[in-house]
Amino acid sequence: MKTKSKKHIFWIIIGIVLLNSIGMSVVLPLLPFIVGKYLPSEQIVVGMSALMSVFAACTFFAAPIFGSLSDRYGRKYILIFSLLGSVIGYVLFGIGGALWILFLGRIIDGLTAGNISILFAYISDSTEPKERAKWFGYIGSAMGIGKLGGPALGGLLGGISLSLPFFVTAGLIFISGLATYFLLPESLVPEKRTKHLTLNSFNVFSHFKDIFKLKNVKMLLILGIFFYISLGIFQFNFTIFLKDIYKWGPVFIGTMLTLVGICEIISRAVLLPWLLKRFNEKSIGIAGLIVFGIGLALIMSSVFLSSIIIISCAVIFIITGEGLFDPTYNARLSQSVDESNQGKLQGVNQSLQSANNMIMPLAAAAIYFYSPCILYATATFIVLVAIIIYAKYIPKTRKS
């Protein structure tokens, strides 16, 4: 593909990610009310947690398989199938009628999950290694824009009907599928695809075994595990922290989450491309981890010194650090295997993040119940370990 046509295609991908992000964010404000139609108020949190855990568990098993299928049959049609699974899942949520239908929707969506990992594989197929961090950053920015606008749209639509936002989400994702079919060419040419599928191709644990056999990939994935654990502590706990420690209500918490979205867009779409012109990806990644760790340490200190300035600085540091590390990490990860294994690698990476989404809310809640300070001290220590791993064991560039 020529450079101009490639950029055109990449912006189509960014548009698809934006539509998906808006669609998924639209439904977030409505979930407690939807679940509340089928459960008493004291069980709503349990029901929501169960729905999220079921989705994460299905994604854990499905993502590596879909990634491997994309290595064999190409990215385009596997991506379309994944998007259609999400459409069916959200339509079932909108129809509702019983709690089991909500779970069925989450299960179908989870079992066809893999659109983000396949999109990452698509970017890896179509770019030079030095360009990938920038485009992964743009994908993150598109997600950030969706997270900003989606909940507000969901609140407006939910005022008309609780089911309407779920049908709107299904419509947006269906449009993404149409855009993929009509506008995106296949990125993985037949000669670069894996040649055969076996029964092991449908065994998620065989994918983990294959990927973790690769020494450089193994260390990168371990680095990612440490980062996403510490990020998960922040994501799953921060609003509760603000409610309990700062005694903030929905308005102040919503304002802080808006700051999160703004920082995510600026760090990934503006700051990261500027830094990539001046520094190598490893230096930017380590700097991102350091900034991220400082932010977690500031939250820990705010337990004893309550200050809106400290907590605002903490959010700016955490989201900026994440915005610098995450795209450069994914770019470095994509350089660790060739095209025929990109889908499998990205699927395993998404599967690991799904496992984190299953385990971290419960683990973080248990530590938080004992001491919020210890929870964020633990997160800060984990980031410190990640910095050491990155600095000592990860080379600047992929070895031949």
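With 400 residues, a compact globule would have a radius of gyration near 21 Å, and the chain, at 20 Å, agrees with this expectation; the radius is taken over C-alpha atoms, and the globule rule is 2.2 Å times the number of residues to the power 0.38. The model is a predicted one, in which local features need pLDDT of at least 70 and side-chain atom pairs count only at pLDDT 80 or more, whereas totals for chains, interfaces and linings use all residues. Residues are numbered from 1 along each chain as its sequence is written, and side-chain values use heavy atoms, with hydrogens and water left out.

Along its principal axes, the C-alpha trace of the chain spans about 60 × 50 × 40 Å. The secondary structure comprises 15 helices and 0 strands, where helices (H or I, at least four residues) and strands (E, at least two) are DSSP runs numbered from the N terminus. Of the contacts in the chain with a separation of 6 or more, 85% are accounted for by residues 24 or more positions apart, a contact being defined by heavy atoms within 4.5 Å. Buried residues make up 53% of the 400 residues, buried meaning under 20% relative accessible area, exposed over 50%, and partly exposed in between (1.4 Å probe, protein chains only).

In the largest nonpolar core, which has 52 residues, the members that touch the most others are Leu-223, Phe-238, Leu-242, Leu-289, Ile-299 and Ile-311; such a core is a set of buried Ala, Val, Leu, Ile, Met, Phe, Trp, Tyr and Cys residues joined through side-chain atoms within 4.5 Å. Among the elements that give two or more residues to this core are helix 9 (204-212), helix 10 (215-245) and helix 15 (372-393), and helix 10 gives the most, with 12 residues. Leaving aside residues up to four places away in sequence, Phe-238 touches Met-256, Ile-299, Ile-311, Val-315 and Tyr-376. Apart from this core lies another, of 43 residues, including Ile-65, Phe-66, Leu-119 and Leu-184.

Gln-346, placed in helix 14, counts as buried because its relative accessibility is 2%, and, residues up to four places away in sequence not being counted, Gln-346 touches Ser-117, Phe-120, Ala-121, Ser-124 and Ser-334. Ser-141 lies in helix 7 (residues 129-160) and, at 4% relative accessibility, likewise counts as buried. With the sequence neighbours up to four places away again excluded, Ser-141 touches Glu-264, Ile-265, Arg-268 and Ala-269.
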